[in-house]
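Q: I have a protein model open and want to learn how to read it. Can you take me through it feature by feature?

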Amino acid sequence: MKRMLTPPLLLALLAGCQAAPPSEAQAQTPDGATMAAVAETAQPADTAPAAVANFQGWLSRFRREARAEGIAEATLAQALDGLRYRPRVIELDRSQPEFVRPIWQYLDSAVSSTRVSNGQARLAEHRDTAREMERRYGVPAEVIVAIWGIESNYGGNFGDFSTLEALATLAFEGRRSDFARTELLAALRILEAGDISPERMIGSWAGAMGHTQFIPSSFVAYAVDGDGDGRRDIWGSIPDVMASTAHYLDRAGWQAGEPWGVEVRLPEGFDYARTELSHRLSSAEWAEQGVRTLSGEPLPEFGAASVIVPAGAEGPAFLVGRNFRAILRYNNATSYALAVGVLSDEIAGREGVVQAWPREQQPLSRGQVREMQRLLNERGFEVGAPDGIMGPNTRRGLRAFQGAIGVTPDGFATLTLLQRLRR
C-alpha cells in the first residue's frame with residue numbers, strides 16, 4: 001500500500017493560490033471545485049519596526065529548536081543569518097479570492113495554443129530525457145511535460161521569493177505556523193543534504209519551489225537525482241525536474257499504459273448523482289449504462305473509473321480513471337487534473353476537448369456560493385456550513401433542489417439557480 005503523499009503545491013494547504021497558468025492566480029479547492037480566481041483583495045501586512053523585531057526574536061527561538069532537532073550549526077548559519085521578514089508574503093497569504101472564472105476560461109489559458117506548441121518544443125528538446133523517465137516510471141513523456149508547463153510555464157515563472165524567507169515569515173505570522181515551520185525544517189534538511197544553496201532555493205510566496213513547484217517536504221520525499229550528479233536540483237536540472245515529476249506520479253499510483261481519461265457522451269436520462277469521483281465502476285459497467293466515447297470506439301479499459309461533468313449537463317463529460325486520480329494527488333483540483341490531461345493529449349498530437357462548454361453561463365462568486373449554501377440549508381436541502389466551496393455535499397443538495405423544481409439535477413451552480421433559490 002502506498003502511503004499518503006504530500007502535495008507538491010501549497011494550494012490545498014495555504015491560501016488557494018496555484019502556479020498555473022503563470023500569468024494569473026487560481027482558486028481551486030481540495031474537494032475539486034472547478035473555478036479559477038482572477039482577482040484578489042489583499043489586506044495590508046504589518047511592516048512596523050516592532051513586527052520586524054518580533055520576527056527576529058521568533059527566528060532566534062526557531063534556530064534553537066532546529067538545532068535541537070538535529071540541524072547542524074553550519075546549515076543554520078548558512079540558511080538563517082540575515083533572513084528577512086517579508087510583508088508581501090503575508091499580504092498574499094491573506095488575500096481572499098472572490099471573483100471567479102468558469103473552467104472553460106481557465107482551460108483556454110492553461111491549454112492555450114502557445115502552451116501546447118511550447119510543450120511540443122520542450123518535449124522535442126528533451127525527448128531522450130523524457131522517454132527515459134517514461135521508461136523508468138511508466139509516466140508518459142507528454143504528461144511529464146504537461147505538468148511542467150502548467151506548474152511553471154516550462155520554467156518561465158516559478159517565482160522569485162526566497163523559500164526560506166517565505167516559510168519563515170508564514171511560520172512567524174502564525175495563521176498556519178505549524179505547517180510552515182514543518183516545511184521550513186524540511187527546507188533546512190534539503191540544504192544540509194547539499195541539493196541546493198540558499199540563494200538558489202527560490203519559488204512562490206507560499207514556499208513551492210522550482211520548475212515543478214514542490215514544497216520542501218515533497219522534495220525530501222519524492223525529488224530524484226535524474227542526471228546522476230549526486231544532487232536533486234529542480235531549479236536547474238531538467239533531468240531532475242522530469243525524474244521528480246514522474247517519480248511523484250508513480251508513487252501516487254500511476255498505471256502505465258492506461259490513459260488519464262476520455263471524453264464521453266452520456267445517455268438520455270443519465271443519473272448525474274453518479275458524477276462524483278467517489279462513484280467508481282469498471283468501463284464495462286459504464287458501457288452497460290450507455291456511456292460511449294465520442295468516436296463510437298470501445299471505452300478504454302478502466303478497472304475503477306468515474307464520470308465527471310465539470311460544467312454540468314450542458315458541458316463536456318469525461319470518464320476518468322486511476323491516472324486522473326494520480327494527477328489529483330499532485331494537485332487536488334479537478335480543473336487542474338483536467339488541464340494536465342488535455343494539455344498532455346494536445347502535446348502528443350491528440351484531440352483536445354470536443355464538446356462545447358456552456359459559455360453563456362455566468363459563474364458565481366464565492367460570496368454567491370455561500371448565499372446558495374445558506375438558502376439550500378434553509379429550504380431543507382442540507383449542504384453543511386456555508387463556506388463558498390462547491391464540494392460534494394453542496395452538489396448533492398443542489399441536485400436535490402434541481403430535482404424538486406424540475407430541472408436536470410446535475411449539481412452545477414449557476415446564477416439562474418441562485419435566483420430561483422432567492423425567490
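Q: How close do the axes of helix α15 and helix α17 come, and at what angle do they cross?
A: In this predicted model, numbered from 1 along each chain as the sequence is written, local features need pLDDT of at least 70 and side-chain atom pairs pLDDT 80 or more, while totals for chains, interfaces and linings use all residues. Side-chain values use heavy atoms, with hydrogens and water left out. Helices (H or I, at least four residues) and strands (E, at least two) are DSSP runs, numbered from the N terminus. Axes are lines fitted to C-alpha atoms, for helices over the stretch in contact, with angles from 0 to 180 degrees between N-to-C directions. Here α15 (residues 366–378) and α17 (residues 415–422) have axes that come within 10 Å and cross at roughly 40°. That makes α15 oblique to α17 (under 35 degrees is roughly parallel, over 145 roughly antiparallel, 65 to 115 roughly perpendicular, the rest oblique).

Q: Which hand does the crossing of α15 and α17 have?
A: Look at the near helix. Turned anticlockwise from the far one by less than a right angle, it gives a left-handed crossing; clockwise gives a right-handed one. α15 passes α17 in a left-handed crossing.

Q: Which residues of α15 and α17 meet?
A: Contact means heavy atoms within 4.5 Å. Gln-368, Glu-371, Met-372, Leu-375 and Leu-376 in α15 meet Leu-415, Leu-417, Leu-418, Leu-421 and Arg-422 in α17. Seven residues of this contact are nonpolar, one is polar and two are charged. Ala, Val, Leu, Ile, Met, Phe, Trp, Tyr, Cys and Pro count as nonpolar, Asp, Glu, Lys and Arg as charged, and the others, Gly among them, as polar.

Q: At what angle do α5 and α7 cross?
A: The axes of α5 (residues 113–125) and α7 come within 10 Å and cross at roughly 125°. That makes α5 oblique to α7. Their crossing is right-handed. From α5, Arg-115, Gly-119, Arg-122 and Leu-123 meet Ala-141, Val-145, Trp-148, Gly-149 and Ile-150 of α7. The contact divides into five nonpolar, two polar and two charged residues.

Q: How many residues of α13 are buried?
A: Buried means under 20% relative accessible area, exposed over 50%, partly exposed in between (1.4 Å probe, protein chains only). In α13, seven of the nine residues are buried, so the helix is largely enclosed by the rest of the structure. Among them are Asn-323, Phe-324, Arg-325 and Tyr-330. The buried residues of α13 pack against α7 (141–152), α11, β9 (306–308), β10 (317–320) and α14 (334–347).

Q: Is Thr-212 buried or exposed?
A: Thr-212 counts as buried, because its relative accessibility is 0%. It lies in the loop between β6 (202–203) and α10 (216–222). Leaving aside neighbours within four places in sequence, Thr-212 is in contact with Glu-151, Ile-234, Val-241, Thr-245 and Tyr-330.

Q: How many aromatic pairs are there?
A: Rings of Phe, Tyr and Trp (its six-membered ring) pair if their centres lie within 6.5 Å; planes under 30 degrees apart are stacked, over 60 edge-to-face, the rest tilted. By this rule the count is 17 aromatic pairs. One of them joins Trp-260 and Phe-324: it is tilted, 6.1 Å centre to centre, with 35° between the planes. Trp-260 lies in the loop between α11 (238–251) and β7 (261–265) and Phe-324 in α13 (residues 322–330), so the pair ties together parts 64 residues apart in sequence. Trp-260 counts as buried at 7% relative accessibility. Phe-324 is buried too, at 0%.

Q: Which rings link into a cluster?
A: Ring pairs link Phe-55, Trp-58, Phe-62, Tyr-85 and Phe-172.
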